[in-house]
Amino acid sequence: MTRKEFIKICGILGVSLPFQAAFSACNKDDKGSFSEKVIIIGTGAGGLSAGYLLNQHGIEFEILEASATYGGRMKRTTDFADFPIPLGAEWLHTKTSVFQEIVNDDAQTVEVNTVGYDSQVDTEGNWDNGQLTVNELVDSDRKFIDSTWFDFFDEYIVPSVTQKIVYNTIVQSIDYSGEQTMVKTSNGEYTADKVIVSVPLKILQDGDISFTPSLPEDKSAAINSATVWEGFKAFIEFSEKFYHTATSFNITPETDGQKLYYDASYGQDTSQNVLGLFTVGKPALDYISRSGDELRDFILKELDEIYDNKATASYVKHMVQNWNDEPFIKAGYLSDHEDWRKVRTLGESVADKVYFAGGPYTDGEDWVSVHAAAQSARSTVDELVK
């Protein structure tokens, strides 16, 4: 079963993704007999969530981050429009109760505004072989209002871990052969009892972090054979709104990737007309291979063809986010079509010393999304402190 098949079945059955159960097992401030130190590598959703939960357990930890900022693919900007633009993770793919579940503290009131799509009003175009067909938009995802996934983590998760983050520290190797685990970085060595690896899968595929001893054969095979899609997003402001709520493209075969134009201003209190472009996998290569005016003109020409030459005439400005160019991320994310058994192997710990948390390192039921990364961190911390 692939991720897309799993999510589709959940929708058909009218059930939410299996998140609540994973968090119900949490016992705050109860570390049992665990008294060791943990090093977390990476400050994406998985790494931040793991640190947050370890802090709730009262366990000593440190987070090593290769870049100068936290958040990973939850990156956002407030410079382009009068509302925050999510350059990476953008939608909520599960119920809004997930925010309270991630915070994992009944004494903390969580307030995050989101809006769902309205099938009675919103329309979806589909562009295929030079023809645009339009239907009502049926989508269970939700958009953040005047905030993003980054803002949620920034407000509720980061404050309890910020003093534990060491920035500009590139992890080069992990030696778990001895009684303690040695982590060699660009800034020297760190020692811990256990390590949680929460880096993008492409980092491991490229061998940027070496392991001593080598990871088990099945683990290495899963890492090296997994399909990681390229990732690209663009945002274009227009003087008028001429586009549908979303416009999808038929990608054949589906395993090659996805491509979607969508109303990035949807639900916001704004007069700006901002259209987003989201594309992963092979379709993203058309954009990644271009830059500057050539890229702008390529996007506008494509939109002119779909929308009767209205794009170029009302163009104001644009910005892009090429995830393949991010040195400590290098790509989009793990393919939605990956085999769940391979994903489960990616999430398995090694020798009771090296653990994995984050979007691609899950139990194989769901992966990639922010809430799946947080669930992965919960499972990892539960296993680590048992």
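Strand S1 pairs in the parallel sense with strand S14 (residues 194–197), and four bridges hold the pairing. The model described here is predicted. Within this pair, Ile41 is placed opposite Val197 of S14. S1 also runs parallel to strand S2 (residues 61–64), to which four bridges join it. Here Ile39 faces Glu62 of S2. Between S1 and S2 the chain passes through helix H3 (residues 45–57). This β-α-β crossover is right-handed.

S1 itself spans residues 38–41. In a regular strand the side chains alternate between the two faces of the sheet. In S1, Val38 and Ile40 point one way, while Ile39 and Ile41 point the other way. All of these residues are buried.

Helix H3 also meets helix H12 (residues 370–385). Their axes lie 8 Å apart, and the packing angle is about 40°. Angles under 35 degrees would count as roughly parallel, and those from 65 to 115 as roughly perpendicular. H3 and H12 are therefore oblique to each other. Their crossing is right-handed. On the H3 side, the contact is made by Ala45, Gly46, Ser49, Ala50, Leu53, Leu54 and His57. H12 contributes Val370, Ala373, Ala374, Ala377, Arg378, Val381, Leu384 and Val385.

Lys386 lies in the segment that follows H12. With a relative accessibility of 76%, Lys386 counts as exposed. Lys386 and Phe34 are 352 residues apart along the chain.

Ser198 occupies the loop between S14 and helix H6 (201–205). Its relative accessibility is 10%, so Ser198 counts as buried. Neighbours within four places in sequence aside, Ser198 is in contact with Ile41, Gly42, Gly46, Gly47, Ala357 and Gly358. Ile41 belongs to S1, and Gly46 is among the H3 residues that touch H12. Ser186 is 12 residues from Ser198 along the chain, and 18 Å separates their C-alpha atoms.

A further element is an open sheet of seven strands with mixed pairing. Its order is S8-S7-S17-S18-S19-S16-S20. Strand S8 (131–136) and strand S20 (315–322) form the edges, and each pairs on one side only. From one strand to the next the twist averages 20°. Strand S7 (residues 123–128) pairs with S8 in the antiparallel sense, over six bridges. In this pair Asp128 is opposite Gln131 of S8. Helix H9 (residues 292–306) packs on the sheet. H9 touches S7, S8, strand S16 (231–238), strand S17 (246–249), strand S18 (257–263), strand S19 (273–281) and S20. The direction of H9 makes about 70° with that of S16.

Another open sheet has four strands, in the order S13-S12-S11-S15. Its pairing is mixed. Strand S13 (188–192) and strand S15 (210–212) stand at the edges. Each has a single partner strand, so one side of each lacks a neighbour in the sheet. Neighbouring strands are turned against each other by 20° on average, direction ignored. Strand S12 (residues 181–185) pairs with S13 over five bridges, in the antiparallel sense. Lys184 is placed opposite Glu189 of S13.

Definitions and conventions: Residues are numbered from 1 along each chain as its sequence is written. This is a predicted model: local features need pLDDT of at least 70, side-chain atom pairs count only at pLDDT 80 or more; totals for chains, interfaces and linings use all residues. Side-chain values use heavy atoms; hydrogens and water are left out. Buried means under 20% relative accessible area, exposed over 50%, partly exposed in between (1.4 Å probe, protein chains only). Helices (H or I, at least four residues) and strands (E, at least two) are DSSP runs, numbered from the N terminus. Two strands pair if DSSP finds at least two bridges between them. A crossover is right-handed if, with the strands pointing away from the viewer, the path from the first strand over the helix to the second runs clockwise. Axes are lines fitted to C-alpha atoms, for helices over the stretch in contact, and angles run from 0 to 180 degrees between N-to-C directions. Contact means heavy atoms within 4.5 Å. Angles under 35 degrees count as roughly parallel, over 145 as roughly antiparallel, 65 to 115 as roughly perpendicular and the rest as oblique. A crossing is left-handed if the near helix is turned anticlockwise from the far one by less than a right angle, and right-handed if clockwise.
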